[in-house]
Every structure is written in C-alpha cells, then in structure tokens.
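Here is a short tour of one protein chain. Keep the sequence and the 3D view open as you read.

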Amino acid sequence: NIYYSSDYSTNDIDYVFGEQDDYAKLALRLTYTPESQNWYIAAFGQNVTDQEILNRTVRFGQNAIVQNFANPAQYGVRFGFTY
C-alpha cells in the first residue's frame, strides 16, 4: 500500500513549526498459506521508508510546543491459524 498526503498544517493556527510537507508512506505485507493447510505466516512492514510524519502540534503559553509524530518504520512476522 502507498499512502500519499499533500502538505498540511498540524494545528489550528498556521505556525512554521506546525507545517508537514507532502509525503508518501509505504506499507508492505507478504503472506504464505500452504495449500490445504489452516496456518499462515506473514512478513510485514509499516512506514518502511521511515518517513518522519508530524500528526499534530500544540502551542502552550510561554511558547512551549508539543508535537505528536506518526510511528517510525516497523517490521515484523505474524504466524496464525485460519478456521
């Protein structure tokens, strides 16, 4: 999956510190299920290009700034059973 977002502001008031540039986020998944079997194994990756994505910015009194970022690159393996 590829998710694309154009640039946007991460707060209600346009501040320079709250601007997120456009980005593309890539997620991958590869699943193997043997024929006539009830199990599977899958490898996955989320945000595999490790984009730094700013979700939200809040400015408090005395110019204290809090920023919330999306998760960094994540990889893993899943094993499971189907019914």
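Y3 touches Y23, A24 and K25, leaving aside residues up to four places away in sequence. Contact here means heavy atoms within 4.5 Å. Y3 is found in strand β1. Strands are DSSP runs of E with at least two residues, and they are numbered from the N terminus.

A word on the source. This is a predicted model, in which local features need pLDDT of at least 70 and side-chain atom pairs count only at pLDDT 80 or more, while totals for chains, interfaces and linings use all residues. Residues are numbered from 1 along each chain as its sequence is written, and side-chain values use heavy atoms, with hydrogens and water left out.

How exposed is Y3? Y3 is partly exposed, because its relative accessible area is 46%. The classes work like this: buried means under 20% relative accessible area, exposed means over 50%, and partly exposed lies in between (1.4 Å probe, protein chains only). Y3 and Q51 are 48 residues apart in sequence, and their C-alpha atoms are 12 Å apart in space.

S5 is also in strand β1, which covers residues 2-5. With 10% relative accessibility, S5 counts as buried. S5 touches D22 and Y23, again not counting residues up to four places away in sequence.

**Aromatic rings**

The whole structure holds 4 aromatic pairs. Rings of Phe, Tyr and Trp (its six-membered ring) pair if their centres lie within 6.5 Å; planes under 30 degrees apart count as stacked, over 60 as edge-to-face, and the rest as tilted. The rings of Y3 and Y23 have centres 6.3 Å apart and planes at 45 degrees, so this pair is tilted. Y3 lies in strand β1 and Y23 in strand β4 (residues 23-26), so the pair ties together parts that are 20 residues apart in sequence. Y23 is buried, with a relative accessible area of 9%.

F79 and F81 make an edge-to-face pair, with 5.5 Å from centre to centre and 80 degrees between the planes. Both F79 and F81 are exposed. For F79, the relative accessibility is 52%. F79 sits in strand β9. Which residues form one aromatic cluster? The members are Y32, W39, F79 and F81.

The charged end of R78 sits over the ring of F44, 4.4 Å from its centre. A charge counts as sitting over a ring if NZ of Lys or CZ of Arg is within 6 Å of the ring centre and within 35 degrees of the ring normal.

**A nonpolar patch**

Y32, I41, V77, F79 and F81 form a nonpolar patch on the surface. Together they have about 570 Å² of accessible area. Strand β9 (residues 74-81) gives the largest share of the patch, with 3 residues. Patches are made of residues with over 30% relative accessible area and no salt bridge; like charges are joined within 9 Å, and nonpolar side chains (Val, Leu, Ile, Met, Phe, Trp, Tyr) within 5 Å. A salt bridge is a side-chain nitrogen of Lys or Arg within 4 Å of a carboxyl oxygen of Asp or Glu. Accessible areas come from the Shrake-Rupley method with a 1.4 Å probe.

**Loops**

Most residues other than glycine have a negative phi.

T49 is in the loop between β6 and β7. T49 counts as partly exposed, at 43% relative accessibility. T49 touches A24 and L26, not counting residues up to four places away in sequence. T49 and F60 are 11 residues apart along the chain, yet their C-alpha atoms are separated by 32 Å.

F17 is in the loop between β2 (8-9) and β3 (19-20). F17 is partly exposed, with a relative accessible area of 23%. What does F17 touch, not counting residues up to four places away in sequence? The contacts are N11, L54, T57, R59, I65 and Q67. F17 and A64 are 47 residues apart in sequence and 11 Å apart in space, C-alpha to C-alpha.

Terms used. Helices (H or I, at least four residues) and strands (E, at least two) are DSSP runs, numbered from the N terminus.
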